[in-house]
Structures are given as C-alpha cells and as structure tokens.
Amino acid sequence: MSDDGLFPHGALVGVLTAEPLDRLLTYKAPVGGCGTGDFVEVPLGPRRVLGVTWGAGDTDFDPAKIRSITRVLDAAPMREDMRTFLTRAADYTLTPMHAMVRLATRAPGLGDALSMRKVYLRGDREPDRMTEARARVLDAMDAFGDAAVTLSELAQSAGVTSSVVKGLVAQGALREEESPRDTPYPRLDVTRPGLDLTDDQAKAAAILRQGAGRYSTTLLKGVTGSGKTEVYLEAVAACLSKGRQALVLLPEIALTAGFLARVEARFGARPAEWHSGVTMTERRRLWRMVGEGGAELIVGARSALFLPFRDLGLIIVDEEHDTSYKQEDGVLYNARDMAVLRASLSDAQVVLASATPSLETWANAEAGKYKRLDLTARFGPSDLPEMRAIDMRDEALPSDRWISPTLARAVTERIAAGEQSLLFLNRRGYAPVTLCRACGHQVGCAQCDARMVEHRFLKRLMCHQCGETTPIPAACPNCGVEGKLAPVGPGVERMAEEVAKTFPEARTRVLSSDLFGSARALKAEIEAIAAGDADIIIGTQLVAKGHNFPLLTLVGVIDADLGLQGSDLRAAERTFQLMRQVAGRAGRADRPGIALLQSYQPEHPVIRAILAGNEEEFWRAEAAEREAMAMPPYGRLAGIILSAPDVQTVFDLGNHLARNDAALRRIGAQVFGPAPAPIARIRGRHRVRLLVKAAKGAPLQQALAAWIEGLKLPANLRLSIDIDPQSFL
C-alpha cells in the first residue's frame, strides 16, 4: 500500500464485510487497483458479497490461494472519519464490526450498475372504469407524492398485480417515464429569509450560527411551542452555507410530514428522507447522494447516523429525550450518544433539542460539558396551558368507565366551542388483559410470558412482545367455558367505545401505531386531524411527539399514575417527560389550553412537579437521588441478556458468569443476578438477565470483554450486552 492509501493491482488488501466473521478477509487488489475505504464486491465461497477495504491484507497466507477483489463499486469511498466512527461505536457498544458494516450499507442494489429505470407518475386523465384495485393504485400514487416509484414498489404498496398498474398507464391515469438512477436532490436556498424570531429565539439562533463549522454540543431547551425548530433551522442554514451537510434526527416517522413542509417553506425545496417509510429506490439514491454530496440536508430516523456523509457539519437530535432513539435489538446503541461521537470525529456541531431533556443531557449541561440555550416562552400568541389534577378519589365513576365527570364536562365545553380535545392513554389495543370469569385464567401468548392484548378493531388478540396474533376465542383456552372471557382495564380502543357512548355526536379519531398499515396512512391521519377533522382525539404516546394541532385546547390524561408503577430506574423521569409533552399539545395557537391529569395520587412528588412546572427543581431532585445511588448518569450500567429455548441452559450460563466475575471485580464493578427477565420468555426463548454496575469512570467495556472472553456458547444460546440500558425488560 502506498502512503496515500492506494493498493496497486495484486497488492494484498484487508476487506471488512457484513458477513458474520470476526476478522478482515485478505484479497488481491483488482486490475486498476483500489483505495482504502472503497466499497468492493468480493468472492466468499460460492457467493459474491459487499465489503469495504479497511487496510493492508494479511501476508501470512499462500499468495496462490488468495482470490482477487471482483470489482470496485461506483460509489464514493467510505471516509476515514466514518471508518473511525464505526470502530469507536463498535468498541463502545461491544458490537462485532461486521454488524457495524451492515448498519452502514443498509441500502438495496449498491452493487448495481448505474442505469436508467422506469418510474411512474400521476397522469392527467381518470380511468374509464374505476375498480377497487385501480383506486388503491391511485391512492398509493398520491401518497408517494413526488417521490420516484417503480412498478414493483407501486404494485406492492397498492396490493395489486403489475397488470393493474400497466392498465392505468394505458388509460392515461398514470405516466411511465425513463429516469436516471440516483440523481442529486434539489439544492436548498439558504438565502431565503426565515420567520421573524422573538428576542429569545434570535439570541439562541445567533449563538448556534457562531458555532457552525466546528465541534460542540448544545442543549436547546425550550417549552413546548417555543419555536425550537425555527431556531435550529438557522443553524442548518449556517451549516449549508459553508458547503457542509446537515442531519436532522426525528423520533417518529409521523413527524416528518409537518417538518418537511417547514423545511420547504424555509429553504424552497424538500430535504432528503431516510426512514422505514421511504421506498427502496429512494434509499439507494439517498445513500449514494450522501456520499457524493448530492444531498445537503437529510431528515431521518436513528439509523441515518450511519449514512456515508461526504462532509457532515451539523446533527440535530430533535426530542432528544425520546426512548425511540435507543435501538433495542441487533446493534444496541443510543442515537443521541452516537450523534455526539459522530460529530466529534467529523468536527460537526450537535444540537440536542427538547422541552424535557433526558437527565443525562441535563447533567452534562450542568457540568459544563454541553452548552445550554433556553427558550422560556411560546412562539406567537399562544401561552403555556394551565395544568390541573383531577383527584379520582373524589369522582363518582362506575367501575367500567374511565372518563371522570369533571373531564367529561370539559370535553363537552370544547365540542360546543368548536375546539378539539385529546384523551391520552399510553395503552394500545382494547384491554391489556383478557380474563376468564369462570376459572380466572388470563389469556397469554403461547410464545412469550406476556398477556395477550385484545385489539377489538382488528378482532384479534395480539402479543406486544413478539407480534403473535390469534382470533379472539369464543371459549376460554384453559377451561373451555364459553361466554366468560372479559376484558380487564382500558386501552385506547376501549376508550373509543366509551367516548362514542358519552359523546355520541362527536367526531372521534384514534391515534395508535397498531391501527395504521403504513407510515403514509399515519401521516394522512395526523394531517386530517390538524385540519380539524376530529372533535376528540384518543391517543397513545404517539401523540406526544411534536405534533401541532391548532384547534386542540384540552388534554385529558386518563391515567397519569400509570408510568409511576413498577421499579424502573427512569419511571419518574419518563412520566414527567411524557405528561409535560402531552400537556404541551394544548393551546398551541391563539386559543388558551388546559391539561387535566386524572390521578389517584395527586400528592405524588412527580405529579406535583408536573403541575407546578418546577422543571429545574425536579431535575435537581432526580439527579441528587441518582447520584446518591451512583446510578446513571453518575454511575454506569450494563445489561447482560441470555436467551435459549431451554431455561436451565440460560441459568447455568448466568450462574457461571456470576461466579467468575474477577475481571469485573478488578474495576470495582458489581454483578447482580442472574434473574428471570420481567418478561421471561419471548418467541419461545427463555430470557435471563444480569446487571453490571460500575463507577462512572471505570473502564467497563474492557472489563466486560475480558469477562466473556473465551466463552463457548451452544448454537441455540444467545448472549447480548446492552451498554447504558434504557429498558430492563
């Protein structure tokens, strides 16, 4: 290899693939050579797989047996900062490098040659005869908007055969065009003026603009509706004006529609999107354009952090406290923390935006590691909602009802005034438990130690752990008696039944992730509600994530005590965040809002803090309690999850690890467990957890690696390590 990282024809090259191998594979450089970071296709057994050239190859092999790289892909090479990021992220999360490479190459057809392709657009005629299948195609086409869509993607989205699409082309209802693959995205105009900012916003925006072009992390803390988005879009403009790229991470796909419209209004063009709702064609295009610099601003889910940016200058983590930024399967990482790591390696700016920041971020700002900017007032004419508790001990409420008379009167007043009400309950489905009144049996999942949740709208029972569904049975599966199965407790679907009885004239919409087959359908529903197409909205935590409903003036929290149950380390923090975020949906236009929290323990410190709005006092008290226990962010945790079909196997390994913990004791760490996980069986696999606790500055990863080194796991036993766990299920 030459000093500039180039490998001439025949030189030995180390290639890292996404295949489950624990080492670099050595190949010969192809005709024409290759460079470090090139994406290549290499032979592996009888197959050809994608890889990245990582450095010099191993010279200990017989040269005659070393195969050559098949070809170098026509894609921008992986930059050094990206390779370092993957390595550092792997070291921190204790993830094999092949899994990191898989994260960084999650786009279809990367090895395909550049070419033309046929895409479909809306035509200017209506078909002479409208069938149900044709209507589904046209609805799907409208949902795609201006995005490029291929024949297979359109047919699959509409649930029809390709002949239906071709028939609409013949009728002129669709147009078929030849389009080049992987074209650059429209340029954003950073010279367009933004909205007029308040003094608070203007000061914050000026500070962020000054930080453009170099590494820093800033907490942008603003009350709900304070205009945090407009402030950080000014940071985006400053970044793009320097010729660098910007990434905005959002916690929920449903948030993208409104955000994209705001970006288009600010910069005159829409940004690129990266999330599960994007077509495979667009994913490939974006992956390539990010590496070539043909995409300036990317809006995406947490996995967008692993795109191969040419020159990343800014990362925004919106609603940074949101738990969806933690990846809970496969590679276990927190996108908020990985954003800070990625930015530090790319000399980029990070903005963590939230009305209710995570305690980790709050503590880093308090310690001076992060800058902090505060927006204390709502943008425009709106004021923060009034917040009150409804003491459920004083309400005369039948056992099968959950909307208190006080809340019902408030909803009735809003309907009469032409305003919207939101009833919030963080439980999907109809009822969390289905009980047999003959034998007392609670219907559970056959694959998991979890109760089946009734989804009456779907006419099925569903396991929220593994996704298993079954028809709602007529007879108890335990005793066989018919007519005795009864739902226990409320879910949002049961709330919808109660709302229909209590407010028969009201237009009601239910917002729950279970009820929408696609991200596009969910976006359409949210847009309809924002346009006033509902009097009462019933929703899960999905509605707390940044949506703006101008007519919404009342938020009623059905069970404010729900999140306080159990022994979760972050129960108080998450309840505080969720209640404040939900309450913040009310009164976001020029109409005053109110939030009513139904509670059986209104004197609880968390409920009192929510009502009083003493956020800093709450964070200080929560921080003091965590610090006294040496728990995160003032200590370190790692979760060890063992799973296997046989329960004794996992306990045997768990006990072996607990007895042989010398590597952990050397750094002063403690091991708790093994113990059955709270949900001890998922998809037929028994699960056992251990918890490792260490001091904040302890070299935890090195000790964990030494602890499990040399373990020979049976083929059916899995061990995963969760650094900084957020969930303990």
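Axes here are lines fitted to C-alpha atoms, for helices over the stretch in contact, and angles run from 0 to 180 degrees between N-to-C directions. The model is predicted: local features need pLDDT of at least 70, side-chain atom pairs count only at pLDDT 80 or more, and totals for chains, interfaces and linings use all residues. Residues are numbered from 1 along each chain as its sequence is written, and side-chain values use heavy atoms, with hydrogens and water left out.

**View A. Helix 1 packs against helix 2.** Helices (H or I, at least four residues) and strands (E, at least two) are DSSP runs, numbered from the N terminus. The axes of helix 1 and helix 2 lie 9 Å apart, at an angle of about 130°. The two helices are therefore oblique to each other (angles under 35 degrees count as roughly parallel, over 145 as roughly antiparallel, 65 to 115 as roughly perpendicular and the rest as oblique). Helix 1 crosses helix 2 in a right-handed sense; that is, the near helix is turned clockwise from the far one by less than a right angle. From helix 1, Met 82, Leu 86, Thr 87, Ala 89 and Ala 90 meet Met 97, Met 100 and Ala 104 of helix 2 (contact means heavy atoms within 4.5 Å).

View B. Two strands pair if DSSP finds at least two bridges between them.

**View C. Strand 14 runs parallel to strand 15.** Five bridges join residues 312–318 of strand 14 to residues 349–354 of strand 15. Ile 315 stands opposite Val 350.

**View D. The largest nonpolar core has 53 residues.** Such a core is a set of buried Ala, Val, Leu, Ile, Met, Phe, Trp, Tyr and Cys residues joined through side-chain atoms within 4.5 Å. Buried means under 20% relative accessible area, exposed over 50%, partly exposed in between (1.4 Å probe, protein chains only). Leu 247, Leu 286, Ile 298, Leu 305, Phe 306 and Leu 307 have the most contacts inside the core. Elements giving two or more residues include helix 1, helix 2 and helix 9 (280–292). Helix 10 gives the largest share, six residues. Beyond neighbours within four places in sequence, Leu 307 contacts Met 82, Trp 274, Leu 286, Trp 287, Val 290, Ile 298 and Arg 342. A second, separate core of 36 residues includes Ala 363, Ile 526, Ala 534 and Trp 619.

View E. Most residues other than glycine have a negative phi, and most peptide bonds are trans. Ala 630 sits in the loop between helix 17 and strand 28. Pro 633 lies in the loop between helix 17 (615–628) and strand 28 (635–644).
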